[in-house]
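Subject: Structure handover and findings

Dear colleague,

I am passing on the structure below, followed by notes on what was found in it. Please read the notes alongside the coordinates.

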Amino acid sequence: MAKRIREKAIQRKENADKRPSAYLPNVKISVSKVRLVLDKVRGKKANEAVAILSYMPNSSAPIVKKLILSAMANAEVKGMDKDALKVAEIYCTQGPIYNKKLNIRGRGRADVIIRRGSHITVILDQVEA
């Protein structure tokens, strides 16, 4: 039984994604606000994406910029050229709900205010030149 487990572990290691990536869990910004920013930089070169994010007024832009810079640093550690990187995949998934508050309305009713969180993932890849 242990032999099979070892074989599976070796196979997982061989099939693991070798591309540089960065992951930021539990960001206190809603998924819809983050996706507006992610759509602007998807598929661009990494340096160009950082330049675009530097001048965006959205609240999630500095967070995504920092995450792309982190993935670029990971690529540099792996021995890749920093200037020949592009944003291959960048996506955001729903995270935890941070705060639930009641908003009191008329006639004995109440609405719930929910503060949503998100998880952001960036995967870079080498540009074919």
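Strand β2 pairs in the antiparallel sense with strand β3 (residues 110-126) over 16 bridges, where two strands count as paired if DSSP finds at least two bridges between them, and where helices (H or I, at least four residues) and strands (E, at least two) are DSSP runs numbered from the N terminus. The model is a predicted one, in which local features need pLDDT of at least 70 and side-chain atom pairs count only at pLDDT 80 or more, while totals for chains, interfaces and linings use all residues. Residues are numbered from 1 along each chain as its sequence is written, and side-chain values use heavy atoms, with hydrogens and water left out.

Taken together, the three strands make an open sheet in the order β1-β3-β2, with antiparallel pairing. Its edge strands, each pairing on one side only, are β1 (21-27) and β2 (85-104). Neighbouring strands of the sheet are turned by 10 degrees against each other on average, direction ignored, with axes taken as lines fitted to C-alpha atoms (for helices over the stretch in contact) and angles running from 0 to 180 degrees between N-to-C directions.

Helix α2 (residues 31-41) packs on this sheet, touching β2 and β3, and its direction makes about 165 degrees with that of β2; contact here means heavy atoms within 4.5 Å. In α2, the residues V31, V34, V37, L38 and V41 are buried, that is, under 20% relative accessible area, with exposed meaning over 50% and partly exposed in between (1.4 Å probe, protein chains only). They lie on the same side of α2 because they cover an arc of only 130 degrees around the axis, the arc being that of the directions from the helix axis to the C-beta atoms. These buried residues of α2 pack against α3 (46-54), α4 (61-77), β2 and β3, whereas the face turned away from the buried side carries the exposed residues S32 and L36. After α2 comes G43, whose phi is positive, near 90 degrees.

Best regards
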